[in-house]
Amino acid sequence: MGSFSFRNLIFSLVIAILVWGSSIETCNARRGKHWRNRSGTFSSLYKKKGKNHGHVEKSKPKPKPNNPLPIPEEPIAPVQKGLKFNVLDYGAKGDGNSDDTKAFQGAWADACKVEASSMIVPSGYEFLVGPISFSGPYCQRNILFQLDGTIIAPTNSKAWGKGLLQWLEFTKLVGLTIKGKGTIDGRGSVWWTNSIFDDPIDNEQQLLVPLQNITMTKNPQISNSLDGKMPSVKPTALRFYGSFNVTVTGITIQNSPQCHLKFDNCDGVLVYSLSVSSPGNSPNTDGIHLQNSRNVLIHTADLACGDDCISIQTGCTNVFVHDVNCGPGHGISIGSLGKDGTTACVSNITVRDVNMHNTMTGVRIKTWQGGSGSVQGVLFSNIQMSEVQFPIMIDQYYCDHSSCNNHTSAVAVSNIAYENIKGTYTVKPVHISCSDNMPCMDVKLTDIELNPIPKGYHMYDPYCWQAFGELYAPTIPEIDCLQEGKPSSSWDPDETGCAL
């Protein structure tokens, strides 16, 4: 009886060992199929520690790069795997006459609740949509606004009330992407015609002196077949506010009543393969307008408008623009800054590999008298000019109406580099007009080659006032007005009230 019990015990142990071994192999097989060793954050931290039991070895200091300006990296677009919400399923007609605003609101309300969802605006339709806000902050992340159709703005004044600052607005969102082959059409001609005499003028137009027998039209009329008095406040076509990691790509924005695309208080902006189109005489129709935004990358864009192709305003830092075609328009501008005695801070701006054709200015910095703050760390490089009136400009006496009061204070301008600026001009190749009390410092001109093309205006030699810096390599034409060294009344960039 005892031996029988002992044999039963041994037999039971063998069976248990076999079952336990089989379960281990099964678990390993399952892990091998679905589990992989990630080389992400945790594994990289482990590799850094190595065999030093948590003591990280000191790495050698990296050599300083030649270009001190930080360039934002292009973010990786999030993978879209969520649900799709087509505006047609919410009652949109897409016939260009029916009001589809409620359908867009309904589709967005549902898409907002689902992470990585897609709101679909299909091709082959024309959607009439009134002023609308696609808002967070309670929306999920990484929503895709797939725009392949056409969205048109109402031209009835009743749709706008007493006037709105934006037409299509996206606020307080994270990871939003607008992409597709569609069009946003602001149908702005009715706005331009009715309010054209109320719009401010660009200060640089005062420098245009026509030759004899040449007639200038100060406020050219824009043809319009639509009737109705529109509000004096004109809306931006597409605006982003208070958002993070937003992308706009592939679409066309045309004929906006005012700015075409605006980013305000945004961090992490990517714009590429974008087309902006409006007539060269459409008033105040900036292509892309940046304000209080940082870590911005704009590239591979065709921008044609009636004002600045790209306007960089106060509060912007770490902006990189490259491979952009600009014209018609007023070039790429930093400013205007410091209006009505305000403080403006702009730093770390790089603009390179840009073609300017038939624009008023090329690359420009414009500030008002009486302001404060600073513009520091700006690089304009490899800019090709074609029949540009004022290719290189710094204007610290900017004024967008007939007269402005004189003030001693100014937005300080320093560490500005213009390099490899070539092509043709029609009025003045270089205009650098700086403040008496806050002269421009560390202005660098390198490889400048600008040749004149008469276009019916009086032509001028390069002009500088209170501008200090360095001139590298021979320039065409000769630029002998830039003063070497620093001014006697130099100022400290660290005391401008702007944190770098």
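Author: What follows starts with charged side chains, moves on to aromatic rings, and ends with a neighbouring histidine.

The model is a predicted one, in which local features need pLDDT of at least 70 and side-chain atom pairs count only at pLDDT 80 or more, while totals for chains, interfaces and linings use all residues. Residues are numbered from 1 along each chain as its sequence is written, and side-chain values use heavy atoms, with hydrogens and water left out.

Side chains of opposite charge can pair when their charged atoms come close. The structure holds eight salt bridges (a side-chain nitrogen of Lys or Arg within 4 Å of a carboxyl oxygen of Asp or Glu). One of them joins Arg239 to Glu169, with 2.5 Å from N to O. Since Arg239 belongs to strand 11 and Glu169 to strand 8, this bridge ties together parts that are 70 residues apart in sequence; strands are DSSP runs of E with at least two residues, helices are runs of H or I with at least four, and both are numbered from the N terminus. Arg239 has a relative accessibility of 13% and therefore counts as buried, as does Glu169 at 11% (buried means under 20% relative accessible area, exposed over 50%, and partly exposed in between, with a 1.4 Å probe and protein chains only).

Arg239 also meets Asp264 in a salt bridge, here with 3.2 Å from N to O. Asp264 lies in strand 14 and Arg239 in strand 11, so this pair connects parts 25 residues apart in sequence. Asp264 is buried too, because its relative accessibility is 11%. Taken together, Glu169, Arg239 and Asp264 are linked in a network of salt bridges.

Aromatic rings come next. The structure has twelve aromatic pairs, where rings of Phe, Tyr and Trp (its six-membered ring) pair if their centres lie within 6.5 Å, and planes under 30 degrees apart count as stacked, over 60 as edge-to-face and the rest as tilted. In one of these pairs, the ring centres of Trp160 and Trp191 are 5.3 Å apart and the planes stand at 80 degrees, which means that the pair is edge-to-face. Trp160 sits in the loop between strand 7 (150–152) and strand 8 (166–171), whereas Trp191 sits in helix 4 (residues 189–195), 31 residues apart. Trp160 and Trp191 are both buried.

Phe240 and Phe263, by contrast, form a stacked pair, with 5.1 Å from centre to centre and 10 degrees between the planes. This pair links distant parts of the chain, as Phe240 is in strand 11 (residues 236–241) and Phe263 in strand 14 (residues 261–264), 23 residues apart. Phe240 has a relative accessible area of 0% and is buried, and Phe263, also at 0%, counts as buried.

His289 has its place in strand 16 (residues 288–291), and at 9% relative accessibility it counts as buried.
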